[in-house]
Amino acid sequence: MRANYIFTSESVSEGHPDKVSDQISDAIVDLFLSKDPEARVACETLTTTQRVILAGEIRGQGIMDTDGNWAPGIEDEIERTVREVVRDIGYAQDGFHWETLTFDNHLHGQSVDIAQGVDAGSDGSNKDEGAGDQGIMFGFACDETPDLMPATLDYSHKVLHRMAQDRKSGAAPFLEPDSKSQITLRYEDHKPVACTAVVVSTQHKPGFDEGEKEAQLRDYVKGVVADILPDGFLSDETKWHINPTGTFEIGGPDGDAGLTGRKIIVDTYGGAAPHGGGAFSGKDPTKVDRSAAYITRYLAKNVVAAGLAKRCTIQVAYAIGVSEPLSLYVDTHGTGTVEDDALEAAIRRIGKLGGLTPRAIRTHLGLNKPIYRKSAAYGHFGRDVTGEYFPWERTDLADDLKAALA
C-alpha cells in the first residue's frame, strides 16, 4: 500500500437523474414490503423529460396474484408513490414536474423458474432459501472518518446533503435539485491531511451564472465545503471548480435520462474499495447484491470499530438457489492486529449472526422492512442509525468478534 498519494471520490445529489430513478425504485420496494415482508421485487426505473417508466418483476401477497393480476388499488398506489418521490425531491419544472409527468408501469410477475430455485422448500425438500442471484459482494470500512468511511466520499456526500437541506429550507433558494460533487484529498502516511481540489456542479435558478448572483452561489458553495471539511484542510492552494461549464439551468431527467443502478460507486465506497458490480436499489433483500453487500459492510465496520484493523475489506460469493456462501474472504491490508484468516474463522464462529445465508442476513439485520428509500441518495454506508434505518451501520458486533478471537 502506498502511504502518500492523492485520491478523489464523487457524489451526486438526490436530484441527479440516476438518483431520482434509484429513489423511485426503492420507494416501490418499500411499498411492497409494507404489504408483504416476503415480497419479491426487482424494480427498474427510467426517468427522462416529463416521463417515468417502471419495469421489472414482482411477487407478493396483497400486490399481485399468481395469475399476474394486480390487487385492487395497488396500481394507483404505485403511481402515487412515484409522484410523491419526485415531488419530495423538488421537481416542479416544465421539463420534469411531479404532477404532470407521464407515468408508465410495466412491472409484471416474477419468473416461476427463478422462484423455484430461491424459495425455501419450493421443490418439496427441506432446503433453506437460496440466494436470489449469483455474484460477488464486497464490504469495506476504514478509520479515516468517524463514520468509518473513506474521507473523500464521506465529505462529497455531506456537501451535497447540506446543499439539499438548504435548498428545501429556503436558506439557499437559488439552488435546484440536480448537483454533483468531487473532493480530492492528499494523504500522508495513509491519513487525509489536505484538500487539493473541490468540484461542485449545481443546477440553479435563472441568472445565477453571471455577475453578483454567480458570486453569491460560489461563495455559498465554498462556505458549505468549509463547514464540512476538517479545519485546516482548505488552503490557498486548494483548486475550486464551481459550475465549471457555466450555466446549469436545465438539469435532472430533463437534461439527462436516469436509470436505476448506475451510481454503484457513489452508493458504496467512492472507488476506495472493490465493488462486485451489482446495484442495490429496486431489489428486495433476498437479492444478495443488496443484503450481502450490507452484511459485509456491517462485518468490516465492526472489525474496524473493534480496533482489530484500520482498514478492512470483506468479500462473499453466492450461487443462485444456493443458501450458503461459496467463499468468505477478509483482507485488512496489513493493518490488522490478528491474521486475516483468524478473522474469517471468527466471523463463522459468531452464533448470533446465524450464518451468512440470505435468510440469516435478513433476520440478523431486520431487512424485511420498508427501510430502503432513505438509502437511495447520499450513500448506503456511513449513515446514522435511526430506528430501523441503516441497521448494517451498527457496531454491536465488535465485542462478539473479539470474544470469537479469544
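## Basis and overall form

Two residues are in contact when heavy atoms of each lie within 4.5 Å. Among contacts in the protein between residues at least 6 apart in sequence, 72% join residues at least 24 apart. The model is predicted, so local features need pLDDT of at least 70 and side-chain atom pairs count only at pLDDT 80 or more, while totals for chains, interfaces and linings use all residues. Residues are numbered from 1 along each chain as its sequence is written, and side-chain values use heavy atoms, with hydrogens and water left out.

The protein has 11 helices and 13 strands; these are DSSP runs numbered from the N terminus, helices being H or I with at least four residues and strands E with at least two. Its radius of gyration is 22 Å, close to the 22 Å that the globule rule gives for 406 residues, so the protein is as compact as a globular protein of that length. That radius is taken over C-alpha atoms, and the globule rule is 2.2 Å times the number of residues to the power 0.38. The C-alpha trace spans about 70 × 55 × 30 Å along its principal axes. Of the 406 residues, 54% count as buried (buried means under 20% relative accessible area, exposed over 50%, partly exposed in between, with a 1.4 Å probe and protein chains only).

## Packing of H1 on H2

The axes of helix H1 (17-35) and helix H2 (residues 74-89) come within 9 Å and cross at roughly 140°. Axes are lines fitted to C-alpha atoms, for helices over the stretch in contact, and angles run from 0 to 180 degrees between N-to-C directions. H1 and H2 are therefore oblique to each other. Angles under 35 degrees count as roughly parallel, over 145 as roughly antiparallel, 65 to 115 as roughly perpendicular and the rest as oblique.

The H1 and H2 crossing is right-handed; a crossing has that hand if the near helix is turned clockwise from the far one by less than a right angle, and is left-handed if anticlockwise. On the H1 side the contact includes Val-20, Ile-24, Ala-27, Leu-31 and Phe-32, and on the H2 side Ile-74, Ile-78, Val-82, Val-85 and Ile-89 are among the residues involved. By class, the residues of this contact divide into 12 nonpolar, 2 polar and 2 charged. Ala, Val, Leu, Ile, Met, Phe, Trp, Tyr, Cys and Pro count as nonpolar, Asp, Glu, Lys and Arg as charged, and the others, Gly among them, as polar.

## Packing of H9 on H11

Helix H9 (residues 340-349) packs against helix H11 (residues 398-405) at an angle of about 115°, and their axes are 9 Å apart. That makes H9 roughly perpendicular to H11. H9 passes H11 in a right-handed crossing.

From H9, Ala-342, Leu-343, Ala-346, Ile-347 and Arg-349 meet Leu-401, Ala-404 and Leu-405 of H11. The contact of H9 with H11 has 7 nonpolar, no polar and 1 charged residues.

Ser-13 is found in the loop between strand S1 (5-12) and H1. Ser-13 is buried, with a relative accessible area of 1%. Leaving aside neighbours within four places in sequence, Ser-13 is in contact with Lys-19, Leu-160, Pro-177, Asp-178, Ser-179 and Tyr-378. Ser-13 and Ser-156 are 143 residues apart in sequence, and their C-alpha atoms are 9.8 Å apart.

Gly-60 lies in the loop between strand S3 (51-59) and H2, and counts as buried at 7% relative accessibility. Not counting residues up to four places away in sequence, Gly-60 touches Asp-36 and Ala-39. Ala-39 is 21 residues from Gly-60 along the chain, with 4.4 Å between their C-alpha atoms.

Most residues other than glycine have a negative phi. Asp-189 has a positive phi, near 50°; this residue lies in the loop between strand S8 (175-188) and S9 and is exposed, with a relative accessible area of 57%. Asn-243 also has a positive phi, near 45°. Asn-243 is placed in the loop between strand S10 (239-242) and helix H6 (252-255), and is buried at a relative accessible area of 12%.

Thr-196 is found in strand S9 (residues 191-204). Apart from residues up to four places away in sequence, Thr-196 touches Ile-6, Thr-184, Leu-185, Arg-186, Glu-237, Thr-238 and Lys-239. The C-alpha atoms of Thr-196 and Glu-249, 53 residues apart along the chain, are separated by 28 Å.
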